[in-house]
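My entries follow in the order I made them.

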Amino acid sequence: MSDPAARPLRPSATGGITATLVVCLGCAQIVSWGTMHYLVSVFGPAIQAELGWSAGFVHGGFSCALAVMGLSSVWVGRRIDRHGGRAPMMAGCALGAAGCVTLAAAHHGAVYYMGWVLLGLGMRLALYDAAFAALAHLGGPASRQAMSQVTLFGGLSSTIFWPLGQWLGQEWGWRSALAVYALLLLASSLLYLALPRGHGPDTAGTAPGRDAPDRPAVRADVLLYGCIATLALFIQTGMSAHLPGILRGLGWTPGMAVSLSALFGIGQVAGRVGIAAMGRRARTLTVNLLPCLLLCLCFAAALAAGATLPGALAFTLLYGAGNGMATIMRGAIPLALFDARNYGRIVGGVLRPAFMLSAAAPVCFALVIGHVGHAGLLAAALSMAAAQLAAALLLRHRHQDSPS
């Protein structure tokens, strides 16, 4: 019997989500994540060296972008609820390209931060959460499989763009490399033409009324989901900006640190393949325990043996797998708990504080490293992962009799 995760998506089962649409969204996510979200981890040191700015100031630009993502989160979610994902996601790529060009031209801090404002709005319009909202309107609860398949592509973005960005920066300089990034974003925006105009058919199988904010049970679910999403985003954004540096801090050479960092993407894909292979058979809130556990294990492995090759491999691969799974769960949990017809509004509201808090992650990680070193940072990350696992266990316990 064939793997259900490998079967083509049929409109009759998923509200019009076809295999072509999944491939187009997935390829666009590779470019969007690689050119926008991972930008500072690749070019941050070169920007700092040329312009003489501190690491905190340079990484603060990424934090500014994350704050913009939080401020615009509800607005973006409502637009996708009303109009679908096609136009917003294409606009996100265009804004991201404008942000890359602005950064490439920056010689002053104000211009630099203006570029990150554009990138922040572009990321909120073009990354996974926007894609998940668009898919939720097309397929309802059945869209979890499509979300998993889209993230299989996106998981390769760091594996492709960390080495590519490093090569472009070495050969042409970081300013020209960002111009190339802008062109790639504009080209990838055409892939979103695969999305239908509007938000597609009304989703079936939703749970009307479950998103009523005045219901105590729903408020508790929102709180727990928000805790899980916030901790996952905080860890993800901090690690995205510092993963190669953390590996260097564990004793690896810069070249080896980049090579090990690239394994993060392999781990992401492996984790997402695992979830995709489960299809819709596994209960969402039970599956959510796995990425939380893997994140705990990866930081424990780094603390115990990160200076050895087996320890470093375990750290990067387990972190990639846990992070990759957590991204899918951030999109799938609301489908199990709330009404998919209001997916964008609900998730946008929950992610607003999550993005705002995670905006501080790159700077917080840098400050922690400066005060207690890389081992101290890894211990703090382990504590956050443990808190995330506790919230996931409590959410699963609350719905232990649910089929979700």
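I began with Arg330 and Asp129, whose side chains meet in a salt bridge at 3.0 Å, N to O. I count a salt bridge when a side-chain nitrogen of Lys or Arg is within 4 Å of a carboxyl oxygen of Asp or Glu. Arg330 sits in helix α15 (residues 309-337) and Asp129 in helix α7 (residues 128-139), so the pair links parts of the chain 201 residues apart. Helices here are DSSP runs (H or I, at least four residues), numbered from the N terminus. Both Arg330 and Asp129 are buried. I use buried for under 20% relative accessible area, exposed for over 50% and partly exposed in between (1.4 Å probe, protein chains only).

Some notes on the source: this is a predicted model, where local features need pLDDT of at least 70 and side-chain atom pairs pLDDT 80 or more, while totals for chains, interfaces and linings use all residues. Residues are numbered from 1 along each chain as its sequence is written, and side-chain values use heavy atoms, with hydrogens and water left out.

I then asked how many salt bridges the structure holds. The count is three. Glu50 and Arg175 form one of them, at 2.9 Å, N to O. Because Glu50 lies in helix α3 (residues 39-51) and Arg175 in helix α10 (residues 174-189), this pair ties together parts 125 residues apart in sequence. Glu50 is partly exposed at 45%, whereas Arg175 is buried at 18%.

Asp221 pairs with Arg398, with 3.1 Å between the closest N and O atoms. Asp221 is in helix α11 (residues 216-249) and Arg398 in helix α17 (residues 361-398), so parts 177 residues apart in sequence are tied together. Asp221 is buried at 1%; Arg398 is partly exposed at 37%.

Next I checked the cysteines for disulfides, meaning pairs of cysteine sulfur atoms within 2.5 Å. I found zero.

Last, I looked at the surface. Arg78, Arg79, Arg82 and Arg352 gather in a positive patch. Patch residues have over 30% relative accessible area and no salt bridge, with like charges joined within 9 Å and nonpolar side chains within 5 Å. Helix α4 (residues 55-83) gives the largest share, three residues. Arg352 is in helix α16 (residues 343-358) and is partly exposed at 40%.

Definitions and conventions: Areas by Shrake-Rupley, 256 points an atom, 1.4 Å probe, with all protein chains shown as cover. Lys, Arg positive; Asp, Glu negative; His and termini not counted. Charge placed at Lys NZ, Arg CZ, Asp CG, Glu CD. Helix = DSSP H or I, 4+ residues; strand = E, 2+ residues; numbered from the N terminus.
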